[in-house]
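Please read the points below with the model open beside you, and check each one against what you see.

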Amino acid sequence: MASVTLLLLALGVAMDATAVSSGMAIRGARPPDVLKLALTFGLFQFGMSLGGALGGKAILTHFAAVDHWIAFGLLALVGGHMIWEAFSHDEETRAATGIPLPMLLTLGVATSIDALAVGVTLPALELGIVLSTALIGVMTFVLSIGGAWAGKRLGERFGTRIEILGGLVLIGIGLKTLVEHLSA
């Protein structure tokens with residue numbers, strides 16, 4: 001039962017990163033950029049869930065009041081940027097620019113805030129911290145690659161329209177996070 005719980009936790013935490021990877025591939029990210037993105041997401045998910053497991057209650061106490069605002073703000077910023085770029089640059093320019101480091105790190109933080117909260121629950125669920133956090137990181141990496149592959153196929157078929165949709169999805173994920181925390 002614990003292994004099923006762990007797989008479901010890892011899968012659930014990886015979903016935001018998978019969606020973002022898909023959106024970035026739609027934007028024209030090349031394979032080296034996709035690899036950087038997947039590694040960043042996997043490492044951030046691993047690190048945040050490990051941080052949550054090791055010092056979670058103290059960390060959450062400091063950030064619980066604003067974590068949803070941080071996630072919303074970062075995802076809305078990146079989603080808005082994707083929409084703006086869909087209207088302002090041609091496809092060759094977008095593909096050639098890659099993913100700037102500040103955007104990569106911003107996305108890493110924005111998609112892994114929930115991993116911090118999940119990490120806090122790991123000791124209570126009596127799931128091994130090292131195995132659990134490693135699985136969360138690996139699952140996120142693998143699903144991010146898969147999301148990027150799917151996003152690339154959609155981008156090839158629908159062009160900038162799907163990039164606009166990807167930006168809206170990021171903003172939607174941010175809004176969902178915000179609404180869930182404000183209504184709780």
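1. Aspartate 33 has its place in helix 2, where helices (H or I, at least four residues) and strands (E, at least two) are DSSP runs, numbered from the N terminus. Aspartate 33 counts as buried because its relative accessibility is 4%; buried means under 20% relative accessible area, exposed over 50%, and partly exposed in between, using a 1.4 Å probe and protein chains only. Leaving aside neighbours within four places in sequence, aspartate 33 is in contact with Gly98 and Ile99, contact meaning heavy atoms within 4.5 Å.

2. A word on the basis of these values: this is a predicted model, in which local features need pLDDT of at least 70 and side-chain atom pairs count only at pLDDT 80 or more, while totals for chains, interfaces and linings use all residues. Residues are numbered from 1 along each chain as its sequence is written, and side-chain values use heavy atoms, with hydrogens and water left out.

3. Buried residues make up 43% of the 184 residues in the chain. Of the contacts in the chain with a separation of 6 or more, 93% are between residues 24 or more positions apart.

4. Isoleucine 99, one of the contacts of aspartate 33, lies in the loop between helix 4 (91-97) and helix 5. Isoleucine 99 is buried, because its relative accessible area is 10%. Not counting residues up to four places away in sequence, isoleucine 99 touches Met24, Ala29, Asp33, Leu37 and Leu104. Isoleucine 99 and valine 34 are 65 residues apart in sequence, yet their C-alpha atoms are 8.9 Å apart in space.

5. Which residues have the most contacts inside the largest nonpolar core? They are Val20, Met24, Leu37, Ile99 and Leu107, in a core of 20 residues; a nonpolar core is a set of buried Ala, Val, Leu, Ile, Met, Phe, Trp, Tyr and Cys residues joined through side-chain atoms within 4.5 Å. At least two residues of this core come from each of helix 1 (2-26), helix 2 (31-63), helix 3 (67-88), helix 5 (101-121) and helix 7 (160-183). A second, separate core has 12 residues, among them Leu6, Ala10, Ala53 and Ile136. Leucine 37, in turn, touches Ser21, Met24, Ile99, Leu104 and Leu107, again not counting residues up to four places away in sequence.

6. Leucine 131 and leucine 6 are 125 residues apart in sequence and 9.4 Å apart in space, C-alpha to C-alpha.

7. Helix 7 has 24 residues and reaches 34 Å from its first C-alpha to its last, close to the 34 Å expected at 1.5 Å a residue, the expected span being 1.5 Å times one less than the number of residues. The buried residues of helix 7 include Gly166, Gly167, Gly174 and Thr177. Glycine 174 is buried because its relative accessibility is 0%, and it touches Phe72 and Leu75, not counting residues up to four places away in sequence. Glycine 174 and tryptophan 69 are 105 residues apart in sequence and 8.4 Å apart in space, C-alpha to C-alpha.

8. Helix 5 has 21 residues and reaches 31 Å from its first C-alpha to its last, close to the 30 Å expected.
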